[in-house]
Structures are given as C-alpha cells and as structure tokens.
Amino acid sequence: MIYSASSIWAEYKFGDKFHYVIMQSLFFLIGIILMFFISKVPYKYYLEKSNIILLACFILLILVLIPGIGTVRNGSRSWFGIGGLGIQPSEFMKLALIIFTSKYIYKNPKTMKSVKKGAFPILLITMLAFFLIMLQPDFGTGTIFVMTIVAMLFVSGVNFSFFIKIGMVGMVGVVLLILAAPYRLARIVSFLNPWSDPLGSGFQSIQSLFAIGPGGLFGMGFGNSIQKHFYLPEPQTDFIFSIISEELGILGIISVSVLFLIIILKSIKISIIYFLSS
C-alpha cells in the first residue's frame, strides 16, 4: 500500500516510483535490527540509567533548536537531517519521560498520593520538555507528552482532586496556546467542520473523505485510487488510510483496524507478564 499510495508522487518529485518504498523498507530494516539488540537489554538497565537517558534527550531537544543543527520541516524545527534521513529527538523524549516517570513511581510509591512530593516534580520536568517542544513548535507532540504522563500519575494513586485542578489549568493553557497561534484554531475548526475552509485548512480532510466514500465493501482495486493523483496531498503519510479505504474498501479498513488491535493486545499482554514477573 505504501507503493500504491506514493508511486505517483514519488515519480513526480523524485523520478522514481519506488522512492518511498525503498525509504520505508530501509526504516523497516533498521527498526528490526534495533528491536533485536534492544530486546537483549534487561529492562532494569533502563531503570538504572533513566536519569542519563532523560538528560541526553533534553540536550537533543535543545540542540535541534539551533539553526544549522536542527532542520525545519513543515514549519517546525524539530528534525536532525542526516543525508536523506530525518530524526526527531521528541520521539526519543516520549520514551525517556515514560521510563523516568516509571522509575519515579516505582521508587516513591508512598509519596505519590502527595501532590507536592509526588506529582509536582514529575509535572515540572514534563512541562520543561513541553516548553522545549513548543519552541519548535510542535503542539501535537507536546500535548501527547503531557497527556501520557498525567495518565501515568492517575494510575499511580495521586489524589483525584489534583486532576480536576490540573484539568482546569490545562484547559486555560490550551486556550491561550491556541489564541497565540491562530493556525491551531484553524486546524481544530477544520477537524470539526472541514467545509468551513474547503480550499485551506480543511482541504486535506475533505479530499480524504472523497477517497474513503467510494471505497464500498471491496474498494476500487489495488492501484486504482483516484485521489492519489495529486488530489490528496501527501497520500503516503498519515492519510494513507484514505487510500487503503478507496482501493480495498471496508475489508481493508477492518484489516488495518484488526492489525492495530493485535498490537495493542500484545502490548498489554507483554506489560502484564513483566509486571507479574518483577
């Protein structure tokens, strides 16, 4: 499906229909190799080195903001460009924060009910990471940071009233951030009603719906998408789901959804096994 969704754009931009397929295959290969080696590292090693991992990720978040070191893509200085490849330090910070917070909760189970001694230090570090992410800016990634850590604090036993208060503060903060950058409000409005700006912020959403609509039960057939012919911008990225729906229909949608469900269930199973064995 990567080939089908990207071949038209790849030939137009790079003169090679297989450009994105080759790049994604390379990422896949690197990922498999890294997964193999990382799987051999005892998870307790991350527990012991969580402070160093977190510090290294903070350094990377600072370095990426420096012109000449970090590169700008889609309006955000959030990438390290290495040849034709790109690395986002914010992706590493997601894991670093989770590992560090896990260690903190594990080491301080009795103090987690105290907001001052339990939740506040973690939130302070999280907001520092959020601040650096917003300097890029990348509001979506920063929001994921905060929501993930708040969820971890919630299951750790922090007093429930704390989450009501932080929820109210968070809502005010989100409103201020949206008002500070009108394009964020435009994105939210276009998500709720893309037809409010069909040729602007809502264009991609509308074109994706035009792809999903004709799919039917079995789709239009592999390679027969119409929207990938320069109607749907960047069909090989997040909106590849629309092309899958257009070409493979409801059966394709169900297949993708089932695969995601398998990943989620396997992740939960692995987490339970490690929890019970520790």
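**A guided look at pockets, packing and loops**

Visitor: Which residues lie nearest the centre of the second largest pocket?
Guide: The lining of this pocket is made up of 20 residues. A pocket here is an open set of points on a 1 Å grid over the protein atoms alone, with protein on both sides within 12 Å along at least five of seven lines, where a 1.4 Å probe fits; lining residues have an atom within 4 Å of a point. Nearest the centre are Met127, Val146, Ile166, Gly170 and Val174.

Visitor: At what pLDDT do side-chain atom pairs count?
Guide: Residues are numbered from 1 along each chain as its sequence is written, and side-chain values use heavy atoms, leaving out hydrogens and water. This is a predicted model, in which totals for chains, interfaces and linings use all residues, local features need pLDDT of at least 70, and side-chain atom pairs count only at pLDDT 80 or more.

Visitor: What volume does the second largest pocket have?
Guide: Grid points are joined across faces, edges and corners, and the volume is the space filled by probe spheres set on those points. For the second largest pocket, that comes to about 510 Å³.

Visitor: Which element gives the largest share of the lining of the second largest pocket?
Guide: Elements are DSSP runs numbered from the N terminus: helices (H or I, at least four residues) and strands (E, at least two). Those giving two or more residues to the lining of the second largest pocket are H6 (115–134), H7 (139–156) and H8 (160–180). The largest share is 9 residues, and it comes from H8.

Visitor: How many charged residues are in the lining of the second largest pocket?
Guide: Ala, Val, Leu, Ile, Met, Phe, Trp, Tyr, Cys and Pro count as nonpolar, Asp, Glu, Lys and Arg as charged, and the others, Gly among them, as polar. The lining has 15 nonpolar and 5 polar residues, and the number of charged ones is none.

Visitor: Are H6 and H7 roughly parallel or roughly antiparallel?
Guide: Their axes, 8 Å apart, meet at an angle of about 170 degrees. Axes are lines fitted to C-alpha atoms, for helices over the stretch in contact, and angles run from 0 to 180 degrees between N-to-C directions. Angles under 35 degrees count as roughly parallel, over 145 as roughly antiparallel, 65 to 115 as roughly perpendicular and the rest as oblique. H6 and H7 are therefore roughly antiparallel.

Visitor: How many charged residues are in the contact of H5 with H6?
Guide: H5 (89–107) packs on H6 at about 175 degrees with the axes 11 Å apart, which means the pair is roughly antiparallel. Residues of H5 including Met93, Leu97 and Phe100 meet residues of H6 including Lys117, Pro121 and Ile125. The contact has 9 nonpolar and 4 polar residues, and its charged count is 1.

Visitor: Is Gln88 buried or exposed?
Guide: Gln88 sits in the loop between strand E3 (85–87) and H5. Leaving aside neighbours within four places in sequence, Gln88 is in contact with Ser78, Trp79 and Asp138. Buried means under 20% relative accessible area, exposed over 50% and partly exposed in between (1.4 Å probe, protein chains only). Because its relative accessibility is 16%, Gln88 counts as buried.

Visitor: What is the phi of Glu234?
Guide: Most residues other than glycine have a negative phi. Glu234 is in the loop between H10 and H11 and, at 29% relative accessibility, counts as partly exposed. Although Glu234 is not a glycine, its phi is positive, about 50 degrees.

Visitor: And what is the phi of Phe230?
Guide: Phe230 is also in the loop between H10 and H11. At 43% relative accessibility, Phe230 counts as partly exposed. Its phi is positive, near 70 degrees.

Visitor: Which helix is included in what covers the buried residues of H10?
Guide: In H10 (residues 203–212), the buried residues are Ile206, Gln207, Ser208 and Ala211. What covers them includes H11 (240–277).

Visitor: What percentage of the residues of the protein chain count as buried?
Guide: The chain has 11 helices and 3 strands, and its C-alpha trace spans about 60 × 45 × 45 Å along the principal axes. Of its 278 residues, the buried share is 28%.

Technical notes. Contact means heavy atoms within 4.5 Å.
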